[in-house]
Each structure stands twice: as C-alpha cells, then as structure tokens.
Amino acid sequence: MSQIRNVAVLGSTGSIGRAAIDVLGRMQHSQRVTAISCHSQLQLLEQQIGQVTPAHAIVTQSSNAESQQWLATTNGLSPSTKRYLGRDAINAIVSGKEVDTVVGAIVGIAGLESAYEAAKA
C-alpha cells in the first residue's frame, strides 16, 4: 500500500486550481490537499477550506481589511486549518517537509517565486 501524498494547490480559486481540487477530490485514496492559496477570492477560498479541510490556507493579498478579517475567522467545517497572509507563507509551506507535491496555478510572474521555492525543496 502506498503512502498518501500531501499536495499544495497554489492559486486554488482560479480555473486550474479549481480543476486540480476537483481531480484531487477523486483521488483521496492517494492524494490529500494539505495547503491552498488565493490572492483575493476569499469567499471561494472559504468554500474550498470547508470542502478539502487543508492544514494550511494562505491569502497573498495581505494589505486590505477584508484579508485581515479573514485571518481572524475560523471555518466550522475545518476549524484546525491554519490561516496565513502573504507570499512568504506560501514559500515557507511549499519548501517544508509537509508538502510532497505542488500544483502551481498562480498566474504569471506572481507564481515564479513559489515555484522556485518548491523546486528547491
């Protein structure tokens, strides 16, 4: 029996990220979504937290009041999900030992740093 792989879906609220979560949801016997991130689609991210119950959720847009409020809330379907703000949190999580695979669905140059950190790990 193979071990379950922990997957981070960066840019989980975009079309590629949503598709990845859908596919990973059908592979629960071998894959687990352990981290998700978005830039600003907080309502959809909150739905995804309830759906996949990740260990980590990150919002990269950290400068507005809505993001700060999101950081202070808890999802009743996944109360243990740790919440973070900023790109540094993505880099720390993808380069850590908890993540086995990274789906990089962040658009354009914004996704380069996290892709580099994941590749280094």
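Analyst: Along the sequence, the elements of the protein chain follow the pattern β-α-β-α-β-α-β-α-β-α, giving five helices and five strands; helices (H or I, at least four residues) and strands (E, at least two) are DSSP runs numbered from the N terminus. The model is predicted, so local features need pLDDT of at least 70 and side-chain atom pairs count only at pLDDT 80 or more, while totals for chains, interfaces and linings use all residues. Residues are numbered from 1 along each chain as its sequence is written, and side-chain values use heavy atoms, with hydrogens and water left out.

Helix 1 spans residues 15-25, and its buried residues are Gly17, Ala20, Ile21 and Leu24 (buried means under 20% relative accessible area, exposed over 50%, partly exposed in between, with a 1.4 Å probe and protein chains only). Seen down the helix axis, these residues fall within an arc of 100°, so they line one face of helix 1; the arc is that of the directions from the helix axis to the C-beta atoms. The buried residues of helix 1 pack against strand 1 (5-10), strand 2 (31-38), helix 2 (42-52) and strand 5 (101-104), where contact means heavy atoms within 4.5 Å.

The loop between strand 2 and helix 2 holds His39, which is partly exposed with a relative accessible area of 42%. Not counting residues up to four places away in sequence, His39 touches Val59, Thr60 and Gln61. His39 and Arg87 are 48 residues apart in sequence, and their C-alpha atoms lie 9.3 Å apart in space. The loop between helix 2 and strand 3 (56-59) contains Thr53, which has a relative accessible area of 41% and is partly exposed. Phi of Thr53 is near 40°, a positive value in a residue other than glycine. Most residues other than glycine have a negative phi.

For the chain as a whole, buried residues make up 42% of the 121 residues. Among contacts between residues at least 6 apart in sequence, 62% join residues at least 24 apart. Taken along the principal axes, the C-alpha atoms fill a box of roughly 45 × 30 × 25 Å.
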